[in-house]
Each structure stands twice: as C-alpha cells, then as structure tokens.
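Welcome! Have a look at the structure first, then read on.

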Amino acid sequence: MKILVTGGAGFIGSNFVFHMLENHPDYDLVVLDLLTYAGNLETLKDVLDRPNVRFVRADIADREAVFGLFGEEHPDIVVNFAAESHVDRSIEDPGIFLRSNVIGTQTLMDACRKYGVTRYHQVSTDEVYGDLPLDRPDLFFTEETPLHTSSPYSASKAGADLLVQAYHRTYGLPATISRCSNNYGPYHFPEKLIPLIISRALADESLPVYGTGENVRDWLYVRDHCAAIDRIIHDGRVGEVYNIGGHNERTNLQVVKTILKELGKPESLITFVRDRAGHDMRYAIDPAKMMSELGWEPTTTFDEGIKQTVKWYLDHEDWWKNIISGDYQQYYEKMYADR
Ligand code: NAD
C-alpha cells in the first residue's frame with residue numbers, strides 16, 4: 001500500500017506520517033509539501049531516511065509536478081492535508097488560499113482520475129459550517145449542517161469540499177471528506193493559539209486574546225484526529241463526510257488560563273486585543289457518525305492532552321525557537337542541497 005500524504009511537513013500532516021509509520025510500518029509513504037512558511041522539514045528529520053518514506057517538495061496546484069509525481073509513484077491512497085490554514089492570513093490575503101486550497105484540491109483529484117486511486121481523502125474543517133450561538137449549548141454541527149462560511153479560509157475549504165463531492169458524483173472518484181474541530185499537540189506552528197500562548201508565556205510576554213476571550217472552540221488532540229483519518233481511509237464509505245471531534249469545548253480564555261496554570265505563570269500576562277473580523281463564536285462537533293459507524297473515539301482528554309503538549313513545547317524549545325527566528329526555513333537547503 002502506498003499513501004501520498006500532502007502537507008506532510010505541517011502540523012497535522014506530520015503527526016499523520018508518524019501515526020502511519022507506527023501503525024502501518026509496511027506501508028510506503030510519499031510526502032509532498034511545498035514547505036511554505038508553515039511547512040518544516042525538520043519536523044520529519046527522524047523519518048526521512050527510512051526506506052519507505054520519500055519526501056518531495058512541490059505545489060499541489062502545479063499540474064506538471066503533481067501529474068509527474070503520480071506517474072512515478074502511482075499512489076493507492078491520497079490524503080490531502082496541504083492547505084493554507086491560518087484564518088488571520090486569509091483575511092489579509094485571500095488569493096493564495098484559493099490557489100492552494102481549491103485549485104490544489106482540483107489538481108490532485110484530476111491526477112487521481114488519470115492514474116486511478118482506491119481512495120482520495122480530503123482533510124477539511126468544522127469551520128465550513130460557520131458558527132453556533134453561545135446561548136445554544138444544545139446545538140452541534142452534524143454532517144447535514146449546511147455550509148455557511150465566515151472567513152476566506154473557511155470559504156476556500158468549503159469550496160474544496162463541494163468540488164470533492166462533485167468529483168465523486170460526476171466522475172465516480174472514490175472520495176471521502178473529514179471535518180475536524182480544532183487540533184492541538186506537538187509540532188503546532190507557533191502562530192496558532194495554544195503554541196503561541198505557551199511560547200510567549202515562557203518568555204513572560206503579553207498574551208493577546210481576541211475580544212473578550214469568550215469564543216468557544218472544540219479541541220481535539222492531534223493524534224486522535226490522525227487515528228480517525230486512518231479509520232476513514234480504510235473503512236469509511238466513499239462519498240461520505242465524517243465529522244471528527246471529542247466534545248471538548250473551551251472558551252479561548254479558559255484555554256489560556258489552563259496553560260498559564262500548567263506553566264506556573266500569572267494571569268496578568270493576558271491582554272485583550274481587538275477582535276478578529278467576522279470572528280466565529282462557537283464551534284462544536286457531533287462526532288456520532290465516526291463513533292457508531294467506524295468505532296472511533298478520542299483517547300486523550302483535554303486535561304491530559306494540554307499537559308502533554310505543554311511538556312512537549314518545554315522539551316522541544318529548539319524546534320519552535322528555530323521557527324520564531326526563521327532559521328527553520330534553511331533546513332530544506334541544508335538537508336537536500338547535496339541530494
Ligand atoms: P499547517 O499550516 O500546519 O500545514 C499545512 C502544510 O501544507 C504545510 O506544511 C505547508 O507547507 C503545506 N502546503 C501549503 N500549501 C501547499 C501547496 N500549495 N502545496 C503543497 N503543500 C502546501 O496546517 P495544519 O494545521 O496541519 O492543517 C492541515 C489540514 O487540516 C488543512 O487542510 C486544514 O484545513 C485542516 N484542519 C486543520 C485543523 C487545525 O486545527 N489545525 C482542524 C481541522 C482541519
């Protein structure tokens with residue numbers, strides 16, 4: 001079995017590579033990543049020399065590169081993590097989100113149609129559903145919730161999801177889609193809330209919290225997400241959407257305070273800043289379909305997961321300090337200059 005993992009040098013993609021190597025050591029993995037600012041090859045350094053891992057630097061929206069790679073590798077399964085993923089950046093500059101997230105998805109699926117795959121899996125997000133009101137804790141996103149996007153990021157992800165469903169219906173592409181809630185864990189890029197708070201709190205810097213910090217996110221430990229995708233690509237039904245989440249709703253302020261407590265840092269570091277434009281109030285996933293149909297359930301509670309994550313950032317200061325200094329971007333040149 002050969003799996004093409006796109007975006008495998010990013011946060012969730014790299015954790016998926018580790019998950020697959022641990023759980024399916026007989027599989028071949030081809031990791032394709034453009035190494036944008038969010039991709040870090042250093043994350044994969046311990047696995048790059050394995051005989052069943054190949055890394056290729058390429059853009060999923062580059063037809064020639066993608067078709068060339070499919071022609072060489074003939075993957076059985078494609079799991080597409082590659083995307084521009086930061087909402088704030090999409091508000092500043094939406095164009096690149098359309099290219100990578102929509103055209104990139106189309107390009108990969110066209111290659112799948114030409115070369116044939118047993119499964120194309122699109123890694124999507126709960127943000128395609130928009131948000132829920134704070135005063136209706138009884139409401140959750142199901143797979144039937146209409147798409148109703150708020151940011152250029154979520155709109156680009158929803159556009160890609162609709163294209164995947166169209167390719168399944170029109171061309172019979174054996175495709176599945178998963179929509180997961182917010183992930184956290186090792187190798188999370190330090191611009192995102194949890195690692196940002198950890199790294200800034202460690203340096204006793206002020207901790208920016210949008211608005212009043214009341215926005216609710218539904219947090220899932222990244223390895224639980226990876227295990228869910230593993231289930232879907234093997235046992236999920238083609239043409240289906242699967243919501244992934246662990247019923248771990250927390251306000252942003254609760255998350256920040258939990259991290260401060262874990263680090264023994266004072267809450268006086270918290271600084272409320274102007275809210276994000278169009279900021280979604282609450283995300284909450286109903287994962288019943290994943291649980292009943294595929295027997296998946298999360299194994300890490302938020303309390304355990306946040307402890308493990310804080311410990312990981314304390315033990316891996318070099319990894320995130322390299323990112324903050326910008327040095328990580330030279331890693332590819334160092335690793336591959338003489339190959
Ligand atoms: P990330 O930003 O950490 O990683 C994205 C990776 O994709 C990076 O390595 C980057 O270099 C690569 N990439 C970007 N554009 C590319 C292109 N055109 N061609 C090839 N590679 C490209 O993001 P992440 O948090 O790991 O998210 C991965 C996927 O999961 C995304 O599709 C995202 O929408 C989805 N998702 C994320 C979350 C979350 O909480 N982080 C939750 C649900 C879904």
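Just after α8, Gly-264 adopts a positive phi of about 70 degrees. Please keep in mind that this is a predicted model.

**Helix α8 on its own**
- Helix α8 covers residues 252-263, and at 1.5 Å a residue its 12 residues should span 16 Å; the end C-alpha atoms lie 17 Å apart, which agrees.
- Buried in α8 are Asn-252, Leu-253, Val-255, Val-256, Ile-259, Leu-260 and Leu-263.
- Looking down the axis of α8, you will find these buried residues within an arc of 160 degrees, so they line one face of the helix.
- The buried residues of α8 pack against several elements, including α6 (193-202), β9 (216-221) and α10 (302-315).

**Where α6 meets α8**
- The axes of α6 and α8 come within 10 Å and cross at roughly 40 degrees.
- The two helices, α6 and α8, are therefore oblique to each other.
- The crossing of α6 past α8 is right-handed.
- Among the residues making the contact are Leu-193, Ile-197 and Ala-201 of α6, and Val-255, Ile-259 and Leu-263 of α8.

**Where α4 meets α5**
- Helix α4 (residues 95-115) packs with helix α5 (residues 152-171) at an angle of about 20 degrees, and their axes are 8 Å apart.
- That angle makes α4 roughly parallel to α5.
- Here, too, you can look for the handedness: α4 and α5 have a right-handed crossing.
- Residues that meet here include Phe-97, Val-102 and Met-109 in α4, and Tyr-153, Ala-160 and Tyr-167 in α5.

Conventions. Residues are numbered from 1 along each chain as its sequence is written. This is a predicted model: local features need pLDDT of at least 70, side-chain atom pairs count only at pLDDT 80 or more; totals for chains, interfaces and linings use all residues. Side-chain values use heavy atoms; hydrogens and water are left out. Helices (H or I, at least four residues) and strands (E, at least two) are DSSP runs, numbered from the N terminus. The expected span of a helix is 1.5 Å times one less than its number of residues. Buried means under 20% relative accessible area, exposed over 50%, partly exposed in between (1.4 Å probe, protein chains only). The arc is that of the directions from the helix axis to the C-beta atoms. Contact means heavy atoms within 4.5 Å. Axes are lines fitted to C-alpha atoms, for helices over the stretch in contact, and angles run from 0 to 180 degrees between N-to-C directions. Angles under 35 degrees count as roughly parallel, over 145 as roughly antiparallel, 65 to 115 as roughly perpendicular and the rest as oblique. A crossing is left-handed if the near helix is turned anticlockwise from the far one by less than a right angle, and right-handed if clockwise.
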